[in-house]
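Trainee: Could you please guide me through the reading of this structure?

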Amino acid sequence: MIKRLVLGEAGIGVALVVLAGFFVIAAPNFATEQNLRNIMTQITLNTVLAVGMTFVILVGGIDLSVGSAMALCAVVSGTMMAGSGSVVTLVGAILVSVLVGAVVGWINGFVSEQWRVPSFIVTLAMLNVARGAAERYTDAATIYNLPAALNDFGTITLLGVPAVFWVALLLAGIGWFVLSRTVFGRLIYATGNNEEAVRLSGHKTSRIKIAAFMIAGLTVGIAAVLYMARLNIASPILGQGYELNAIAAVVIGGASLMGGRGSMAGTFLGACLLGVLTNGLLLMGVSDFERQIITGLVILVAVVLDAYRLRLARKLAVTQPATKEPVPATVAS
Amino acid sequence: MMTVTGLVKRFPGVVALDGVDLDIRAGEIHALVGENGAGKSTLVKALAGIHAPDAGTMTFDGVPYTPAGAADGLAAGISVVHQELALLPYLTVAENLFLRGLPRTAGVVDRKRLRADAARLLAEVGLDVAPDTPVERLGIAQMQLVEIAKAISTDCKLLIMDEPTATLTSREAGRLFGILRGLRERGVAIVYISHHLQEVLELADRVTVLRNGRSIETREMAGVTAPDLVRLMVGRDLAQEYPVKPPTEPGEVAIAVRGLKVAGFEGPLSFSVRRGEVVGLAGLVGSGRTEAMRAIFGADPALSGNIELYGEKVRIRHPKDAVRHGISLLTEDRKSQGLVLDLPISANVTLAKLRGLLLRFGQERSLSEDLGRRLHLRSAGVGQHVRTLSGGNQQKVVLAKWLNAGSDILIVDEPTRGIDVGAKYEIHELLLGLAAQGKALIVVSSDLPELMGVCDRILVFSRGKIAGEVARPDFDAEHILTLAYSGYLKNGETQ
Ligand SMILES: Nc1ncnc2c1ncn2[C@@H]1O[C@H](COP(=O)(O)OP(=O)(O)OP(=O)(O)O)[C@@H](O)[C@H]1O
Ligand SMILES: [Mg+2]
């Protein structure tokens with residue numbers, strides 16, 4: 001039974017509670033309302049990116065370009081809205097950010113499907129291309145005079161929760177709904193599991209996979225806007241390494257990099273876990289370097305536990321809940 | 001030499017083995033029969049060391065046998081052909097055959113010897129492919145032969161075969177029987193599982209019947225008849241082996257294929273099927289039937305040729321086009337092409353008909369349960385993951401998927417692969433029922449009696465060409481086999 005708890009679905013949730021409990025005792029000022037809000041703000045961007053990354057990983061892909069693409073979205077959109085007080089311009093610029101993200105995602109998906117190149121390679125190339133494009137776009141300059149309205153949005157709270165975090169919650173909720181309740185979500189899981197069987201059932205799996213990359217692109221575009229809202233700047237060097245944190249959240253959340261297994265709830269908890277860990281260690285005064293080491297180890301433990309769980313499941317031949325969401329959904333209703 | 005007593009294996013929600021006694025002697029062929037989900041494969045996996053039993057004992061060669069994994073089984077001298085094929089797709093046939101011990105010279109793999117050894121084994125099982133062919137390019141029957149060759153390549157004391165002939169035609173099966181008899185002479189004990197009772201009658205010395213995870217009875221084969229076996233397996237008599245097709249007046253031409261050419265096969269193929277007709281495709285392994293059907297369905301590109309549906313030319317470039325035009329293809333390999341193993345039964349059943357925006361769980365559930373009942377699906381509920389179903393029950397899920405798609409033109413490739421005698425009858429009846437509703441059916445099967453049982457006409461493929469066509473009144477196994485071989489003879493005289 002203990003094994004069940006440690007290794008099962010609830011494992012990540014339990015780990016999160018234990019970790020938070022530890023920091024409540026060990027880290028001064030961890031358990032304050034203000035710090036809770038800090039954590040929410042800190043995990044916003046990673047949560048948003050991880051939502052999109054979940055789709056990509058579920059179809060068996062990976063997107064290494066999200067950090068650079070985010071910078072590209074930010075500079076294009078930031079240039080457009082800078083110095084303007086008009087709401088129309090602001091909304092237009094936000095839409096442009098999302099659009100740029102979606103286009104980058106489409107290119108990632110299309111190239112890897114059309115020429116059968118692993119998405120690892122395609123998005124690695126895109127990581128460089130997008131970063132270069134962002135630098136070129138602003139001549140490596142940082143954009144400062146972003147609209148005040150945007151900055152306001154980045155600082156206000158609604159019902160005690162930072163507005164930007166509401167956006168992250170909303171996106172995670174939509175992601176959960178799409179994955180567990182829609183035909184498209186079902187096809188995402190099925191394609192990640194056995195693409196050929198899905199194709200031979202009359203579905204264009206290429207389109208499904210490209211759509212997954214576009215969804216990742218959409219979240220990149222949104223994350224770029226949230227970034228500008230919070231920090232009030234747009235810079236071509238922002239977002240470096242963000243892809244790795246997003247992937248880490250998804251993997252800690254129980255997804256398989258082979259595709260077909262994972263869930264939005266897991267991803268969300270994974271992002272929370274990473275955020276709590278970083279925040280708590282900071283408050284404890286752990287140095288940057290040590291924090292990195294610990295974070296790396298946590299990711300490793302998550303993956304090893306996951307592999308162990310799979311092996312254990314195979315051995316016991318337990319009905320393996322491969323997809324956490326569709327299953328209860330099927331059993332319910 | 002292998003004695004099993006009171007073996008129990010439980011899975012969550014299912015008792016797969018519920019007290020099995022089995023005693024296998026050296027130098028005998030011991031058949032294991034039972035309905036889908038009776039526990040045959042689970043028993044095999046326990047013997048092989050893959051599943052640890054929850055209770056019961058096994059004794060091998062007089063000593064207690066408690067394998068901790070498949071490696072222990074192999075080390076003890078137990079060689080297994082599992083029901084689900086498990087070759088490495090990107091390695092060559094030769095590499096797959098000798099994965100356990102590649103021939104080496106001074107530490108380096110000796111390619112030449114590897115090829116030669118492989119060629120010898122392949123010749124023995126009658127598989128005509130180059131040892132260097134990557135396994136992913138083989139059809140399912142060819143993969144099955146590779147598995148068989150692999151199993152007999154090791155010196156073993158106990159050889160277990162779980163439905164080795166499910167996809168083989170009589171030619172390859174006959175050769176396999178020869179090999180098995182040879183091994184029996186040498187004192188090897190053989191456990192043989194099959195749903196083809198004729199084979200069991202022909203080959204086995206003794207038979208053990210499993211029902212609901214229990215061993216019902218072990219008998220000497222002498223004097224046992226097919227109806228005896230059926231009664232033991234199913235617990236009742238089966239009136240006849242094949243349902244009788246009500247005579248129907250075939251309607252308009254539903255699908256006409258003209259001049260179809262497929263890569264790697266001679267062709268061109270031309271034929272048509274009318275509404276209400278059941279047309280069988282007979283032929284040897286590798287005669288191009290599967291490839292032709294895949295090209296029609298848009299699964300693989302065709303080199304040339306065109307397809308007319310109800311007199312109108314259509315272009316089918318992707319399975320999606322085919323499904324939209326009301327064509328279904330049940331593929332021969334359920335594991336790699338038919339099923340999403342880690343999704344529940346219900347999700348698999350609806351896969352070919354998923355449209356729209358939202359999933360309808362209630363509907364999905366009720367129609368899966370309904371189809372499951374009609375196909376005698378044995379499961380712990382439609383939420384059970386397909387991976388954990390028995391082989392025959394997985395096949396029923398693929399069938400359910402295409403029945404649910406409701407197409408007017410249904411192509412089924414080995415539809416009853418791995419399905420037990422009782423359920424087979426129901427499935428044939430279901431297929432004939434569809435024909436009676438005016439649907440056009442194409443049945444590809446390695447089981448000639450099955451084709452002769454349910455079809456109106458049989459097209460005989462030989463080396464990628466249609467060597468002849470036989471209508472029901474003239475059905476004659478020998479004639480059909482002659483046609484099937486004709487393309488392989490020097491100057492194809494029989495046409
Ligand atoms: N890993 C598993 N997890 C849960 N249930 C399982 C698992 N493996 C087998 N079962 C169940 O055990 C029962 C026996 O299955 P088994 O594969 O042994 O049947 P079988 O006699 O080989 O049938 P078939 O003729 O269809 O191959 C089935 O009800 C099956 O669903
Ligand atoms: Mg079986």
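**Charges, fold and a metal site**

Mentor: In chain A there are 20 positive and 14 negative side chains, with the centres of the two sets 11 Å apart. Lys and Arg count as positive, Asp and Glu as negative, while His and the chain ends are not counted; each charge is placed at NZ of Lys, CZ of Arg, CG of Asp or CD of Glu. This is a predicted model, in which local features need pLDDT of at least 70 and side-chain atom pairs count only at pLDDT 80 or more, whereas totals for chains, interfaces and linings use all residues. Residues are numbered from 1 along each chain as its sequence is written, chains are lettered from A and ligands numbered from 1 in the order in which they are written, and side-chain values use heavy atoms, without hydrogens and water.

Trainee: What radius of gyration does chain A have?

Mentor: The radius is taken over C-alpha atoms, and the globule rule is 2.2 Å times the number of residues to the power 0.38. Chain A has 20 Å, which agrees with the value near 20 Å for a compact globule of 333 residues. Its C-alpha atoms fill a box of roughly 65 × 55 × 40 Å along the principal axes.

Trainee: What percentage of the residues of chain A count as buried?

Mentor: Buried means under 20% relative accessible area (1.4 Å probe, protein chains only), exposed over 50%, and partly exposed in between. In chain A, 53% of the 333 residues count as buried.

Trainee: Which residues coordinate the magnesium ion (ligand 2)?

Mentor: Donors are N, O and S atoms within 2.8 Å of the metal (3.2 Å for Na, K and Ca); water is not among the atoms, so sites may look incomplete. Here B:Ser41 (OG) and B:Gln83 (OE1) coordinate the ion at 1.9 to 2.1 Å. Both B:Ser41 and B:Gln83 are buried.
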